[in-house]
Structure formats: structure tokens, C-alpha cells
Amino acid sequence: MDFGPIGLFVLIVTSAASFLLARWLSKRRRDSKRERERRTEEAAQSRQVRRARERRQQRR
């Protein structure tokens, strides 16, 4: 298999684009999963804990 300079350039560019796209999609997926888990944890908290957290956030 012999690659010319143009073929090699295309190979490098498509590899880099594929790598960057995969990283971006992976980050979005992790962030959305983390947000879902945070919302689930907050929903499971007692009313007293939620109110205390809201008071702390208002002081900032």
C-alpha cells in the first residue's frame, strides 16, 4: 500500500478530525450523565437539606 503526499495528508486530517469529534462527543455524554446524577441526588434529598443548600447559595 503506497500513499502519496496527498493521500497521507488526507489520512492525517481525517484521523485528527475523528479524534477531536470523539473527544467532543464523549465530553458531552459525560457532562449530561453527571447532570442527570446530580438532579437525581438532589431529588432524593430531604426538604430540610434542600432549603439549607438554597440558603447557602443565596449568601454567595
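Modeller: A salt bridge here is a side-chain nitrogen of Lys or Arg within 4 Å of a carboxyl oxygen of Asp or Glu. The model we are looking at is a predicted one.

Colleague: Which residues are linked in a network of salt bridges?

Modeller: The structure holds six salt bridges, and among them is the one between Arg38 and Glu42, whose closest N and O atoms are 2.5 Å apart. Glu42 also pairs with Arg53, with 3.9 Å between the closest N and O atoms. The network consists of Glu35, Arg38, Arg39, Glu42 and Arg53.

Colleague: How many residues apart in sequence are the parts that Arg53 and Glu42 tie together?

Modeller: The secondary structure of the protein chain comes to two helices and zero strands. Arg53 forms a salt bridge with Glu42. Because Arg53 lies in helix 2 (residues 47-59) and Glu42 in helix 1, the pair ties together parts whose separation in sequence is eleven residues.

Colleague: Does Arg53 count as buried or exposed?

Modeller: Buried residues make up 2% of the 60 residues in the protein chain, and the cut-off for that class is under 20% relative accessible area. Since Arg53 has 16% relative accessibility, Arg53 counts as buried.

Colleague: What radius of gyration does the protein chain have?

Modeller: Along its principal axes, the C-alpha trace of the protein chain spans about 70 × 25 × 5 Å. A compact globule of 60 residues would have a radius of gyration near 10 Å, whereas the value for the protein chain is 23 Å.

Conventions:
Residues are numbered from 1 along each chain as its sequence is written. This is a predicted model: local features need pLDDT of at least 70, side-chain atom pairs count only at pLDDT 80 or more; totals for chains, interfaces and linings use all residues. Side-chain values use heavy atoms; hydrogens and water are left out. Helices (H or I, at least four residues) and strands (E, at least two) are DSSP runs, numbered from the N terminus. The radius of gyration is taken over C-alpha atoms; the globule rule is 2.2 Å times the number of residues to the power 0.38. Buried means under 20% relative accessible area, exposed over 50%, partly exposed in between (1.4 Å probe, protein chains only).
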